[in-house]
Amino acid sequence: MGTLRNSVQLIGRPGSDPEVRVINKEGRKLAKFRLATNEKYYNEKHELTEETQWHNIVAFGSTAEKVEKLVRKGKRIAVEGSLQNVQYEDKTDKTKKFYTQILMDEFMIIDWASTDEGQQ
């Protein structure tokens, strides 16, 4: 049996174009962006309420290269990957800090029509 890991799937919109950089001498790329997901529900006063949550997305290698070419701010996408909790030391007060990110394995553009690629 292979290695088991957690899995997450999200549909949302990037808040900005991805930040992409080369991370080693071989030219391997890293792509990062924040993905907004929205949830609509009726609150206790029966008012329609919408909440937005932001997710840190990272991708490496060939997935990062595809992200660089295709993902743009506001374009609706589906993301599949795994949750990672990252720990680091704050440089100012030397305390341990944590954040959660999604290591993206795959993604799919949902609204091609709003882009040049969808019109080809």
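**The strands and the core**

A: Happy to: two bridges join β1 to strand β3 (residues 29-42), and these strands run antiparallel. Here strands are DSSP runs of E with at least two residues, helices are runs of H or I with at least four, and both are numbered from the N terminus; strands pair if DSSP finds at least two bridges between them. This is a predicted model, in which local features need pLDDT of at least 70, side-chain atom pairs count only at pLDDT 80 or more, and totals for chains, interfaces and linings use all residues. Residues are numbered from 1 along each chain as its sequence is written, and side-chain values use heavy atoms, leaving out hydrogens and water.

Of its 16 residues, F33, V67 and M104 touch the most other members. Two or more residues each come from β1, β3, β4 (48-60), α1 (61-70), β5 and β6 (96-109), with the largest share, four residues, from β6.

Beyond its neighbours within four places in sequence, M104 is in contact (heavy atoms within 4.5 Å) with residues including F33, V67 and V79.

I102 lies in β6 and is buried, with a relative accessible area of 3%; buried means under 20%, exposed over 50%, partly exposed in between (1.4 Å probe, protein chains only). Its C-alpha atom is separated by 6.1 Å from that of N56, 46 residues apart along the chain.

How values were computed: A nonpolar core is a set of buried Ala, Val, Leu, Ile, Met, Phe, Trp, Tyr and Cys residues joined through side-chain atoms within 4.5 Å.
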